[in-house]
Every structure is written in structure tokens, then in C-alpha cells.
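Subject: Structure for you to look at

Hello,

Here is the structure I said I would pass on.

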Amino acid sequence: MKDLDLTLDYMENARFNYIYGPIITHLDSPFTNSELLCLSMIYHKFALENGPRAKFITQMQLGGILEHMFSVSDREINVAIVSRISHDPECVDPKFSSDRHVSLTSFIRMFSIYFSKDLEKRMAFVFGIYDENDRGYLDREQVVKLVKKFFHGEDEDEIHELRADMVEMLFTKFDMDKDMLISMEEYTDVVRKQPMMMEFLGRIFPTQSQLETVSHCVNLLS
């Protein structure tokens, strides 16, 4: 591959091609090769912030990207997204730390999910973030935990009542079989009919405007 970024010298461009070229070649991704190169170069520049020989970005950096670029400011959801995205059992590089780093493959996967138009894929990702223990359902405790952030104020009794009302409303909406659990199947049945309910327990996806900004910045045409 030729030099891809004029802000990097010849040696650094060569290092980029050596480290990431084979990974890019074997990625199963909806992006074109040109788009993959652009996203990979962004990844590489974030990695360089960790030192001139660094090959990986950190989970803290990914959390910052989510917060500052995509406005995912809810701490619990931000951490859950980072944890789910950064899981990459196929990365066997000895310098990769599964509890600290995010691989290029994971980074690309995040953008493939964010830019996907596939409702099923998007629903599965969102529910997986809410269902932090991968049980296949949300119980009342988990819903209460995620609803708490929606209401704040000095009157604790009123806030408690508002939270309780919202929890009841959500279970009425999603818990079709009245077993006090919201299953993945119940969630998807509702969201297929009302896509606006997809992120019902907190924002996970960037806005269309934010995605368009990223597209222009990194030359994504998909």
C-alpha cells in the first residue's frame, strides 16, 4: 500500500502497512477497502497517543470516543458498550490485554454496527448492552437500575414515584406474557412494530448527524 497519510513520515506509513495491512485484508466487513483503510488510520493515530510503538487503543480511549464523538455520556451504558465491543478472543497478540485494549477488529466492528441499517442487528446490539449479564432477559432490578437516571430532583418521593410509574409502563409495554421479565423476543416484537422504542432504556447509537460527520471525516461512503 502506498503512503496513506501525509502527516506521517515514510517509516510510520510503512509500519502502519506492516501491522494493520494483514488484518484489514482478512476483515469480514461491510466497508470497502478504502473505507477500511481510513478507519484503520484513525485507529492507528489513536494508538500512537499511547506511545510510538503502540499497536492498540485502550478501552479508556474508546469510552472517550463514545462520550465525546457520539454523546454516550451515561457511564453504565458507556462502560457496557466498551466491554462488549472490546471482546475479541481471536486477538492473540502477546501485547494485547483483554481488560485494557481494543483491537482494530473490534474498532471496525463498532462502526459496522453503528452504520448498519439492519434492524435485527441493531436490536441485538442494544438488548445486549441492557442485558449486561447475557441472560437473554431483563428483570425488574435491571430495568429499575437503568430507569433511575431519567429522573432527578430534590423531591425524593416524587422522583421515586416517577421512576416506579415508568417501570410499570415499560413492563406493560414489553412484558407480553406477564412473567415480570422482558425477554429478547418480547423486546424485538415491540421494536419491529415501533422502532423508536429500540433504545428505551438509554441512548446507545449515535445520531444520524453524528454519523454523517464521521463519514465526512474518515471518508466513509457506505
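Predicted model: local features only at pLDDT ≥ 70, side-chain atom pairs only at ≥ 80, totals over all residues.

Residues are numbered from 1 along each chain as its sequence is written, and side-chain values use heavy atoms, with hydrogens and water left out.

The whole chain

The chain has 10 helices and 4 strands. Helices (H or I, at least four residues) and strands (E, at least two) are DSSP runs, numbered from the N terminus. Their order from the N terminus is α-α-β-α-α-β-α-α-β-α-α-β-α-α. The C-alpha trace spans about 65 × 35 × 35 Å along its principal axes.

Of the 222 residues in the chain, 47% are buried. Buried means under 20% relative accessible area, exposed means over 50%, and partly exposed is in between (1.4 Å probe, protein chains only). The chain exposes about 12,600 Å², and carbon and sulfur atoms supply 55% of that area. Accessible areas come from the Shrake-Rupley method with a 1.4 Å probe; for residues, only the protein chains shown count as cover.

Contact means heavy atoms within 4.5 Å. Among contacts between residues at least 6 apart in sequence, 63% join residues at least 24 apart.

Two helix pairs

Helix α7 (residues 140-147) packs against helix α8 (residues 156-174) at an angle of about 130°, with the axes 10 Å apart. Axes are lines fitted to C-alpha atoms, for helices over the stretch in contact, and angles run from 0 to 180 degrees between N-to-C directions. α7 and α8 are therefore oblique to each other. Under 35 degrees counts as roughly parallel, over 145 as roughly antiparallel, 65 to 115 as roughly perpendicular and the rest as oblique. On the α7 side, the contact is made by Arg140, Val143, Val144 and Val147; on the α8 side, it includes Met166, Leu170 and Phe171. By class, this contact has 7 nonpolar, no polar and 3 charged residues. Ala, Val, Leu, Ile, Met, Phe, Trp, Tyr, Cys and Pro count as nonpolar, Asp, Glu, Lys and Arg as charged, and the others, Gly among them, as polar.

The axes of helix α6 (residues 119-130) and helix α9 (residues 184-193) come within 11 Å and cross at roughly 135°. That makes α6 oblique to α9. Residues in this contact include Leu119, Met123 and Phe127 of α6, and Met184, Tyr187 and Val191 of α9. By class, the contact of α6 with α9 has 8 nonpolar, 1 polar and 2 charged residues.

In α9, Glu186, Tyr187, Thr188, Val190 and Val191 are buried. Their cover includes α6, α8 and β4 (181-183).

Single residues

Which residues does Arg109 contact, leaving aside its neighbours within four places in sequence? They are Arg84, Ile85 and His87. Arg109 lies in helix α5 (residues 104-114) and is partly exposed, at a relative accessible area of 28%.

Ser71 has a positive phi, near 60°, and is not a glycine. Ser71 is in the loop between α3 (59-70) and α4 (75-86), partly exposed at 33% relative accessible area.

Met180 also is not a glycine and has a positive phi, about 70°. Met180 sits in the loop between α8 and β4 and is partly exposed, at 41% relative accessible area.

Regards
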